[in-house]
Amino acid sequence: MLIPLIITILVILYFFAGLRIVPQNYVGLVETLGKYSKTVKAGLIFIWPIFQRIRKVSLALQPLEISKYRIITKDNAEITTSLTLNYLVTDAYKYFYNNTDSVESMVQLIRGHLRDIIRRMELNEALGSTSEINTQLSEAIGDLTDVYGIRVVRVNVDELLPSPEIQKAMDKQLTADREKTAAIAKAEGEARNIELTTKAKNDALVATAKANAEAVKTQADAEAYRIDKLQESLGKAGEGYFRNQSLDSFNKLANGNNNLVIMDKDEMATLGKVPAAKKIWDANESKDE
């Protein structure tokens, strides 16, 4: 009775020892005496202890960061780059048995393609083409990682950094460019200010000249109008008006210090009719007497 009981207990223990649980989103690779025999899905399974073992492989999406490494560009500039990617296992058998380290093999493949892409670019082109590099890298990888039982869902170049020496040179160039731009902007501003000031002065001079011309024209028009009116009035005046004017002029002459009058011989006959002339004549006769 004791031996059958012991055998029964050992069988039960052996059975429970062979129970395994494959978690959700995993698959199990069952090996019999060290050789692959089958793939099992998630759930409770039984293997033969001692003779069999199970290897669990996750099928979930895995993030991976590829550490910084150096690449030489087309123009012999050294840059440091780093990548992040997401991948998942599509074939657990290939992933585990076809490569000693499928993830590292995938990383080396991606690094090689990224190196080839950047080597065809010059430094400035590479630094400004991160999106284009991501696209080219995704297209270059394609289904190549299928041999490792892996599919790369997303790959992204996080940063491209030039070497410290190149960075210093770029900073100096950037500073020089900024100073040059500022100097040009200042010079253009000053030139524009001078241009506006000169234009304003010229406009003021032109406006002043136009105002003076208008004033002169107005004055000339007024003088011409006065002369026209005077000539019109003189044209309408009779002989008596001019005689009165002559008398008035001789009266003023008689009262002045200058009594010399020069007249045409034809006008001498009428001189006596002028009171001022008569007064001068009488005064001269009194002196003669």
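**Sheet packing and salt bridges**

Reader: Which strands does helix H3 (residues 102–119) lie across?
Author: Helix H3 lies across E6, E7 and E8, and runs at about 40° to E6. Contact here means heavy atoms within 4.5 Å. Axes are lines fitted to C-alpha atoms, for helices over the stretch in contact, with angles from 0 to 180 degrees between N-to-C directions. Helices (H or I, at least four residues) and strands (E, at least two) are DSSP runs numbered from the N terminus.

Reader: And what are the ground rules for the model?
Author: This is a predicted model, in which local features need pLDDT of at least 70 and side-chain atom pairs count only at pLDDT 80 or more, while totals for chains, interfaces and linings use all residues. Residues are numbered from 1 along each chain as its sequence is written, and side-chain values use heavy atoms, with hydrogens and water left out.

Reader: In what order do the three strands form the open sheet?
Author: The order is E6-E7-E8, with antiparallel pairing; two strands pair if DSSP finds at least two bridges between them. From one strand to the next, the twist averages 20°.

Reader: Why is one side of E6 and of E8 left without a neighbour in the sheet?
Author: E6 and E8 stand at the edges and each has a single partner strand, so one side of each lacks a neighbour in the sheet.

Reader: How many bridges join E6 to strand E7?
Author: Nine bridges join E6 to E7 (residues 78–89), and the two run antiparallel. Tyrosine 69 stands opposite threonine 81 in E7.

Reader: Back to the helices: where does H5 lie?
Author: Helix H5 (residues 130–141) lies across E7 and E8, running at about 150° to E8.

Reader: At what angle do the axes of H3 and H5 cross?
Author: The axes cross at roughly 130° and come within 10 Å. H3 and H5 are therefore oblique to each other; angles under 35 degrees count as roughly parallel, over 145 as roughly antiparallel, 65 to 115 as roughly perpendicular and the rest as oblique. H3 passes H5 in a right-handed crossing, meaning that the near helix is turned clockwise from the far one by less than a right angle.

Reader: Which residues in H3 meet H5?
Author: Ile110, His113, Leu114, Ile117 and Ile118 in H3 meet Ile133, Gln136, Leu137, Ala140 and Ile141 in H5.

Reader: New topic: how many salt bridges are found in the whole structure?
Author: The search finds six, a salt bridge being a side-chain nitrogen of Lys or Arg within 4 Å of a carboxyl oxygen of Asp or Glu. One of them joins arginine 55 and glutamate 31 (2.7 Å, N to O). Arginine 55 lies in strand E5 (residues 52–58) and glutamate 31 in strand E2 (residues 26–32), so the pair ties together parts that are 24 residues apart in sequence.

Reader: Is glutamate 31 buried or exposed?
Author: Glutamate 31 counts as buried at 4% relative accessibility, whereas arginine 55 is partly exposed at 23%. Buried means under 20% relative accessible area, exposed over 50%, and partly exposed in between (1.4 Å probe, protein chains only).

Reader: With which residue does lysine 68 form a salt bridge?
Author: Its partner is glutamate 159, with the closest N and O atoms 3.1 Å apart. The pair links distant parts of the chain, 91 residues apart: lysine 68 is in strand E6 (residues 62–72) and glutamate 159 in strand E8 (residues 150–162). Lysine 68 is exposed at 52%, and glutamate 159 is partly exposed at 25%.
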